[in-house]
Amino acid sequence: MFPSLQRLIMEFLRFGVVGLAGFVVDTAVLYAGLAAGLGPYLARIPSYLCAATATFALNRAWTFRDRRGAVAVHRQWAAFVVVNLVGFALNYGTYAALVATVPLVAAHPVIGVFAGALTGMGSNFFLSRRLVFRPTAP
């Protein structure tokens, strides 16, 4: 296998593992928001932001550790959040559509969180890799 393809596959697999951790954070904060009375739509906003912050930190430390660049961490986090708004739109749109139309998902929002996460994962990976975690110049 070509080294660049092997590296891409390994990064994608790590990104997926980090995504699972983000899913756990997203779901935990969502259910905390639901318990606080925020409702299934409003509770999803802080859950997403917490998950995005957690996944940024893990992706920076593990998935893209060789591609951090010379950008300050807070600027890189902001770029990660902005770039991932594309994935968030896909993620949240899927979640909201399922909660609104599928009674099982309305009763168990974790299903919608999972479906949304899968929907946004591909775009988040490629945009993060291309625009946020660029290789450090030699």
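A salt bridge here is a side-chain nitrogen of Lys or Arg within 4 Å of a carboxyl oxygen of Asp or Glu. The model is a predicted one, so local features need pLDDT of at least 70 and side-chain atom pairs count only at pLDDT 80 or more, while totals for chains, interfaces and linings use all residues. Residues are numbered from 1 along each chain as its sequence is written, and side-chain values use heavy atoms, with hydrogens and water left out.

Salt bridges come up three times by this rule. Side chains of opposite charge can pair when their charged atoms come close. R7 and E11 pair up at 3.3 Å, N to O. These two sit four residues apart in helix α1, which puts about one helical turn between R7 and E11; helices, for the record, are DSSP runs of H or I with at least four residues, strands are runs of E with at least two, and both are numbered from the N terminus. In terms of accessibility (buried is under 20% relative accessible area, exposed is over 50%, partly exposed is in between, with a 1.4 Å probe and protein chains only), R7 is partly exposed at 37%. E11, on the other hand, counts as buried, at 2% relative accessibility.

E11 has another partner in R129, with the closest N and O atoms 2.4 Å apart. R129 belongs to helix α7 and E11 to helix α1, so this bridge ties together parts 118 residues apart in sequence. Both R129 and E11 are buried. Put together, R7, E11 and R129 form a network of salt bridges.

There is also a bridge between R44 and D26, at 2.8 Å from N to O. Here R44 comes from helix α3 and D26 from helix α1, so the pair ties together parts that are 18 residues apart in sequence. R44 and D26 are buried. R44 also turns up over the face of Y95, at 4.8 Å from the ring centre; the rule for a charge over a ring is NZ of Lys or CZ of Arg within 6 Å of the ring centre and within 35 degrees of the ring normal.

Next, the aromatic side chains. A pair of aromatic rings is described by the distance of the centres and the angle of the planes. Rings of Phe, Tyr and Trp (its six-membered ring) pair if their centres lie within 6.5 Å, and planes under 30 degrees apart count as stacked, over 60 as edge-to-face and the rest as tilted. That rule gives 13 aromatic pairs. In one of them, F15 and F125 have ring centres 5.3 Å apart and planes at 70°, so the pair is edge-to-face. This pair links distant parts of the chain, with F15 in helix α1 and F125 in helix α7, 110 residues apart. F15 and F125 are both buried. Ring pairs also join F12, F15, F56, F64, F80, F125, F126 and F133 into a cluster.

As for open space, the largest pocket has a volume of about 420 Å³. Pockets were found on a 1 Å grid over the protein atoms alone: a cavity is a set of points where a 1.4 Å probe fits but cannot get out, a pocket is an open set with protein on both sides within 12 Å along at least five of seven lines, and lining residues have an atom within 4 Å of a point. Grid points are joined across faces, edges and corners, and a volume is the space filled by probe spheres set on the points.

The lining of the largest pocket runs to 23 residues, with G19, T55, A117, M121 and N124 lying nearest its centre. Helices α1 (3-35), α3 (44-63) and α7 (109-132) each supply at least two residues of this lining, and the largest share, eight residues, is from α1. By type, the lining splits into 13 nonpolar, nine polar and one charged, where Ala, Val, Leu, Ile, Met, Phe, Trp, Tyr, Cys and Pro count as nonpolar, Asp, Glu, Lys and Arg as charged, and the others, Gly among them, as polar.

Finally, some exposed positions. V24, in helix α1, is exposed with a relative accessible area of 54%. H74 is part of helix α4 (residues 73-83) and counts as exposed at 56% relative accessibility.
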